[in-house]
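Open the model in your viewer and keep the sequence panel beside it. This tour goes from one selection to the next and says what is there.

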Amino acid sequence: MSVGELYGPLLTALGGRDERIVVVDAGLGSSMQTGQFRAAYPQRYVNLGIAEANAVGFASGLARRGLRPFVHSFSNFLARRAHDQIAISVVVAGLPVTLVAGSCGVFDGRNGPSHFAGDDLAAICAMPGITVFEPADAVDLETTLEWARASAGPNYLRLRRHGMPQTIGDSLQAREAVRVIHFNSAPPIVTVVAIGAILDEVVTACRILLDEGIVPELVHVLRAKPLDEAAILASARRTGRIVAIENHVAHGGCAAGIAALVAREGLRFAALTLPDDILPAGDARWLLARCGLDATSIAVRLSSLLSSWSH
């Protein structure tokens with residue numbers, strides 16, 4: 001299911017609960033499915049065209065007037081084209097502007113490297129005081145929209161464009177910044193951290209490992225910044241070994257932050273991330289396999305890592 005099919009109704013429902021919400025589009029209304037909000041609340045919708053820097057500046061003005069703007073564009077366009085405006089007009093001022101950033105990583109790979117963002121977090125997470133969310137399913141998405149609405153400061157909501165599941169795991173389970181997913185009662189031997197939208201691939205990989213007699217403890221990071229260090233460290237200390245998996249390059253992403261965190265603990269650590277390369281256009285499934293981030297590849301790489309760590 002495309003994220004737009006899930007996102008449009010959730011955004012519209014959020015707008016019905018809070019009259020301060022204004023949707024700012026940067027020429028991507030059809031791609032990011034904000035049309036339903038526009039139809040329901042036309043006076044709280046504005047499309048400024050393909051002018052991301054202007055959209056962010058405009059949103060900062062709305063926030064200063066007590067409104068809650070949600071700015072919509074692709075991750076690359078916000079992180080690169082509007083970087084200065086995000087930093088100066090939103091982050092320095094600490095304004096409650098939510099940047100809804102579509103097409104994260106290889107999940108929109110068909111449009112090529114100009115459109116899918118594999119390095120956006122390096123630019124965004126470096127900014128002080130911004131909160132970064134990356135939902136894995138529709139339950140996460142609804143949760144993060146509410147968190148962003150209630151936030152007193154700036155937010156970056158990183159969305160995959162294609163293939164977002166309705167729910168991964170128990171749909172009734174309360175979503176937290178970091179949640180631990182147990183597969184059985186056996187003692188885990190490795191902590192596997194799935195960051196954001198890669199969760200569905202990692203869950204399948206963990207089930208493959210279970211069939212091989214390898215018991216992982218899965219930790220899902222929904223809020224990449226600020227990172228809930230205590231929850232991650234608690235699991236890593238139990239197992240002594242931790243692998244972070246992320247739909248982002250190694251430099252500047254959440255996995256890099258986890259590496260710095262566990263280095264202080266002296267724990268074995270590895271990261272499975274997007275390669276340091278300009279990736280070609282391609283179907284998301286093909287790109288995930290090419291990068292070693294589809295479920296089967298993740299399971300093989302994890303098994304190999306654990307084997308090397310045992311010697």
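Select Gln33, which is partly exposed, with a relative accessible area of 37%. The model is a predicted one, and Gln33 sits in its loop between helix 2 (29–32) and helix 3 (35–40). Look at the backbone here: phi of Gln33 is near 55°, a positive value in a residue that is not glycine. Most residues other than glycine have a negative phi.

Next, select Ser103, in the loop between strand 4 and helix 7. Ser103 is not a glycine either, and its phi is positive, about 60°. Is Ser103 buried or exposed? Ser103 is buried, with a relative accessible area of 0%.

## Stop two: a cis peptide bond

Select Lys225 and Pro226 together. The peptide bond that joins Lys225 and Pro226 is cis, with omega at about -10°. Most peptide bonds are trans. Pro226 belongs to the loop between strand 10 (223–225) and helix 10.

## Stop three: salt bridges

How many salt bridges does the count come to? The count comes to 15 salt bridges. Side chains of opposite charge can pair when their charged atoms come close.

Start with Arg80 and Asp119, whose side chains form a salt bridge at 3.0 Å, N to O. Arg80 is in helix 5 (residues 75–81) and Asp119 is in the loop between strand 4 (98–102) and helix 7 (120–124), so this pair ties together parts that are 39 residues apart in sequence. Arg80 is partly exposed, at a relative accessible area of 48%, and Asp119 is partly exposed too, at 31%.

Now select Arg238 and Glu217. In this salt bridge the closest N and O atoms are 2.6 Å apart. The pair links distant parts of the chain, 21 residues apart: Arg238 is in helix 10 (residues 229–239) and Glu217 in strand 9 (residues 216–221). Glu217 is buried, with a relative accessible area of 3%.

Arg264 and Glu229 form a salt bridge, their closest N and O atoms being 3.7 Å apart. Arg264 lies in the loop between helix 11 (254–263) and strand 12 (268–274), while Glu229 lies in helix 10, 35 residues away. Arg264 counts as exposed, at 60% relative accessibility, whereas Glu229 is partly exposed, at 38%.

Key. Residues are numbered from 1 along each chain as its sequence is written. This is a predicted model: local features need pLDDT of at least 70, side-chain atom pairs count only at pLDDT 80 or more; totals for chains, interfaces and linings use all residues. Side-chain values use heavy atoms; hydrogens and water are left out. A salt bridge is a side-chain nitrogen of Lys or Arg within 4 Å of a carboxyl oxygen of Asp or Glu. Helices (H or I, at least four residues) and strands (E, at least two) are DSSP runs, numbered from the N terminus. Buried means under 20% relative accessible area, exposed over 50%, partly exposed in between (1.4 Å probe, protein chains only).
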